[in-house]
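Okay, thanks for coming, everyone. Let me put the model up and then walk through it.

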Amino acid sequence: MSKTDGNPPLLEIRNLSKYFGAVRALHDFSMEVRAGEVVAVAGDNGAGKTTMIKAVSGVYPPTAGEILLKGQPMHFSSPQDARKKGIETIYQDLALADNLTIGGNIFLGREPMTKAFGFLPVLDRKAMAEAARTTMSRLDFHVSRLNAPVSNFSGGQRQAVAIGRAVYWDAQILIMDEPTAALGVPEQRKVISLIHQLKAQGRGVIFISHNLQDIFAVSDRIIVLRRGILAGERKITETDHDEIVKLMVGGS
Amino acid sequence: MATSHSESEGIAPPADHADTTKTWIAWIAEGRAWLFLIVLILAFEIWSQVSFGVSFAFSTYNIQSIAVFATAPLLLAIGQTFVIISGGIDLSVGFTMGLAAVVAAHATNISGQYLPQPLAVLVGVVSAVVVAGIPGLVNGLLISRLRIPPFIGTLGMYGVARGAAFLLAGGTTVPVSNAFFAALGNGRIFGVPYLVIITILFVLLMHYLLSQTRFGQHNYAIGANEQAARRAGIDIKRHIVWLYILSAMCAGLGGALYAARFTAGAAQAGEPLLLDCIAAVVIGGASLFGGSGSIFGTVAGSLVIAVIQYGLVFVNVEPFWQFIAVGVVIIISVLIDQLQRRFNGARQDE
């Protein structure tokens with residue numbers, strides 16, 4: 001398990017709070033993610049998981065507290081800003097344009113251009129396809145149909161495309177919000193093994209899930225939120241389902 | 001660092017089980033507009049040979065007429081293609097075209113008093129396109145900033161452009177006295193009408209815009225998944241504004257060329273073309289739910305409608321049948337699309 005090795009953690013959240021009027025959605029929350037570490041965030045509905053993700057990924061500014069990337073304090077003005085600085089969020093509802101290719105999705109919003117006939121600017125589809133191929137093979141996902149729209153692929157493969165996009169743009173921190181929720185069981189297993197790949201590449205992953213089985217399969221640590229506050233933090237090797245459920249629902 | 005998962009087993013993919021060859025139904029669905037076109041031309045050819053003993057398709061006059069006939073609805077349909085792919089609709093293009101026709105007529109006449117005649121034509125056409133951009137700009141702002149649904153916003157603009165066009169025309173048609181304007185609308189080079197040449201060049205330009213540029217790529221993405229496009233950092237508001245300006249300017253060019261063809265600007269020029277242009281886009285393979293469609297599909301869709309309308313007149317059928325025929329083709333076209341979706345869906349569920 002991860003030990004403090006002198007380097008600052010990839011991501012550090014210090015005393016983060018987010019209030020909506022009188023509602024304390026998140027209160028005085030701290031956590032850290034080290035390189036190559038998968039940290040699961042668990043909690044019942046309304047526990048503050050989504051609030052925490054949105055504050056970290058730049059959707060809205062926190063009421064109080066600090067976010068540090070590799071020791072540097074950060075203020076994100078927008079999700080694009082957070083992405084530029086290396087924090088990518090992967091949503092459960094597959095944020096892909098189904099009618100575009102894998103390359104088209106990886107490069108969506110930042111398409112490479114080239115010149116046709118030496119003067120006419122055109123989309124560089126060859127470069128997009130090539131980047132798609134190499135990126136997907138880094139995730140051990142081999143595709144031949146680089147010209148097919150992603151609607152032709154299965155849910156797990158599309159989740160891999162979303163992850164591939166983050167990998168291509170070299171995200172250091174991936175926040176995955178219920179990445180397996182929309183998938184069938186074999187597909188869930190694929191996504192879990194993708195997360196192992198990301199870990200092996202030294203990236204940090206925040207993994208939000210309801211599914212304890214997935215959490216135990218992939219995480220190094222688990223953080224439990226309850227009603228906006230940190231209810232507990234455990235190493236995965238030192239806890240079990242029962243204890244986590246108790247932390248989630250409260251009581252003894 | 002956790003080593004418990006170091007032997008991360010990759011996702012050995014049975015990934016690519018779906019084959020690269022398309023099913024026959026997908027081919028038919030994709031090329032259905034061209035298929036309709038061939039069937040229609042064949043049908044009219046046989047009909048005309050049997051009933052009148054003359055050829056329908058092998059007549060230069062007929063081909064020229066159909067091509068000219070198709071230009072105005074096609075110009076509207078090209079703008080509409082962009083809008084429909086993005087998941088929107090533009091109901092205002094018909095009267096934007098009328099407004100542009102009136103502006104083209106006035107601008108050519110007025111500038112003709114001070115400028116050489118050919119230059120006055122240029123002023124007329126450019127003013128028509130620029131003025132047409134105004135309702136497009138308003139549409140775009142209403143839809144992107146004020147979150148008004150495209151159907152409602154452009155329906156409102158349909159009324160505004162209609163009123164503005166009739167007011168500007170003084171409730172009548174505005175004749176143009178400029179020989180070069182008439183030549184633009186009726187002249188030809190090597191037997192090909194100028195109108196057709198201009199339209200073909202415009203089609204190529206718009207095909208390039210839709211298929212080879214970021215604007216086109218983002219347009220498809222927005223139509224498929226607006227949220228994904230926004231998350232990817234695409235400025236959707238800006239895109240929508242330009243999109244409706246583009247649509248209106250296509251209508252503006254259509255209006256200017258229409259005025260040139262009749263050497264007069266009429267406010268009602270585009271009135272019957274609104275449904276035709278939407279039909280052309282749908283027959284051409286676009287989905288009204290957004291995300292799919294192409295310029296060449298729309299070209300085929302426009303030709304299908306032009307062939308039906310011209311062909312039925314040619315074989316001497318009462319003109320009211322045109323509406324029924326176009327309606328039937330639209331329904332068949334959408335049915336094929338549905339069938340194909342169901343088929344693909346079934347394959348994916350395997």
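So, how many of the 350 residues of chain B count as buried? The figure is 48%, where buried takes 20 or more other C-beta atoms within 10 Å of a residue's own, exposed takes 12 or fewer, partly exposed is in between, and C-beta atoms are placed from the backbone.

Some housekeeping. This is a predicted model, with local features needing pLDDT of at least 70 and side-chain atom pairs counting only at pLDDT 80 or more, while totals for chains, interfaces and linings use all residues. Residues are numbered from 1 along each chain as its sequence is written, and chains are lettered from A and ligands numbered from 1 in the order in which they are written.

Staying with chain B, we have 14 helices and four strands; helices are DSSP runs of H or I with at least four residues, strands are E runs of at least two, and numbering goes from the N terminus. The C-alpha trace of chain B spans about 85 × 55 × 35 Å along its principal axes. Take contacts, meaning C-beta atoms, placed from the backbone, within 7 Å: of those in chain B between residues at least 6 apart in sequence, 78% join residues at least 24 apart.

Now zoom in on helix α8 of chain B, residues 194-212. Its 19 residues reach 27 Å from first C-alpha to last, close to the 27 Å expected at 1.5 Å a residue, the rule being 1.5 Å times one less than the number of residues. B:L195, B:T199, B:M206 and B:L210 are buried there. Down the axis of α8(B), those buried residues fall within an arc of 35 degrees, so they line one face of the helix; the arc uses directions from the helix axis to the C-beta atoms. What do they pack against? Partners in chain B include α3 (60-85), α11 (236-262) and α13 (295-314). On the other side of α8(B), B:L201, B:L204 and B:L205 are exposed.

Over to chain A, which has eight helices and 12 strands. Of its 252 residues, 47% count as buried.

One sheet to show you: four strands of chain A, open, in the order β2-β1-β4-β5, with antiparallel pairing (strands pair if DSSP finds at least two bridges between them). β2 (23-33) and β5 (72-74) of chain A are at the edges with a single partner strand each, so one side of each has no neighbour in the sheet. Strand β1 (residues 11-20) of chain A pairs with β2(A) over seven bridges, and A:Y19 has A:R24 in β2(A) as its bridge partner.

Definitions and conventions: Contact = placed C-beta atoms within 7 Å.
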